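Dear colleague,

Please find below the structure that I am handing over to you. A summary of the findings follows it.

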Amino acid sequence: MDESSAWLVAEAKKRATAADDYAQQAFYTALAAFCQEQGRQIELAEGEIDGRSWNHEQW
Amino acid sequence: MHTLIAVAHPHIARSNTQSFLKETAALEPTATWHELDGATLNLAAERKQLLASDRIVLQFPLYWYSAPAALWNWLDQVWVKNVVYGPDDGLLQGKSLGLVVSYSEPPRDYDLGGKVGLSMQEILRPFAAIAKRCGLQLLSPLLIPQFDRMTEQERAQLLVAYRQYLTLADPSSQREQAAWFEQQLRQNDAELLADTLADQQDKLLDLRATVSQLRAGEEE
């Protein structure tokens, strides 16, 4: 996961712990999970681009 | 978008699931919680409320592989010819239909070859026919198995998924979910989080566009 996604997840978790209202706590907990998955999707897409761009004839 | 949540539960006061969903729905000012208790219906008022909604959510626990009687009673009396469908077309075009279904068994019991012997898709198929007949766009159902066994993490995700189900045009769209989170963050004055989330979403969409181009190039 890249730095920005890692920061989003950590910040969302921090806010979930600090929230004094259940709806806010749930919101930030779900946000952390969403950003984790968003980061994973970014990694997958970057990996696919690397894989498809690799051309052995250019070695 | 105005959402009508038609809730049918024979023992609603004892239901932890419905109590959780009711508190969550109260966070959405454009959603109306409407309990169907099987009592005599004011048909004119029910139909007016139905027709004034952009989304109708049928919400119920699974009872004998279907919805409880109060829901069918409401459908039988309110969803009638010349109100929800005409001789040729559905009369609820432009609206959407959601299903929020809770049940007590693990999800695998409703897989093909599972203990129940019917998949959830098969069980809910009559609602797909109702949606088609009325011209409603059917959303993927929001299924809630074993609420009482859910972890805090799972409940938090359910709370947000339910809020999105009540308000987003396509609740299953990752793009719309990202926009929803961003909007909520801005309402909470969490601007830096909102900006970073939006930047990451733009990055993801750009990457996906590049992937599509590369895939298309390889097929040529």
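Predicted model: local features only at pLDDT ≥ 70, side-chain atom pairs only at ≥ 80, totals over all residues.

Residues are numbered from 1 along each chain as its sequence is written, with chains lettered from A and ligands numbered from 1 in the order in which they are written.

In chain B, the axes of α7(B) and helix α8 (residues 191–219) come within 8 Å and cross at roughly 165° (axes are lines fitted to C-alpha atoms, for helices over the stretch in contact, and angles run from 0 to 180 degrees between N-to-C directions). α7(B) is therefore roughly antiparallel to α8(B) (an angle over 145 degrees).

E176(B) belongs to helix α7 (residues 174–187) of chain B; helices are DSSP runs of H or I with at least four residues, numbered from the N terminus. E176(B) is partly exposed because 15 other C-beta atoms lie within 10 Å (20 or more would be buried, 12 or fewer exposed; C-beta atoms are placed from the backbone). Between E176(B) and Q164(B), 12 residues apart in sequence, the C-alpha to C-alpha distance is 8.9 Å.

As for the chains, 23 residues from chain A and 24 residues from chain B form the contact (C-beta atoms, placed from the backbone, within 7 Å). On the side of chain A that touches chain B, α2(A) gives the largest share, 18 residues.

Yours sincerely

How values were computed
Helix = DSSP H or I, 4+ residues; strand = E, 2+ residues; numbered from the N terminus. Contact = placed C-beta atoms within 7 Å. Parallel < 35°, antiparallel > 145°, perpendicular 65-115°, else oblique.
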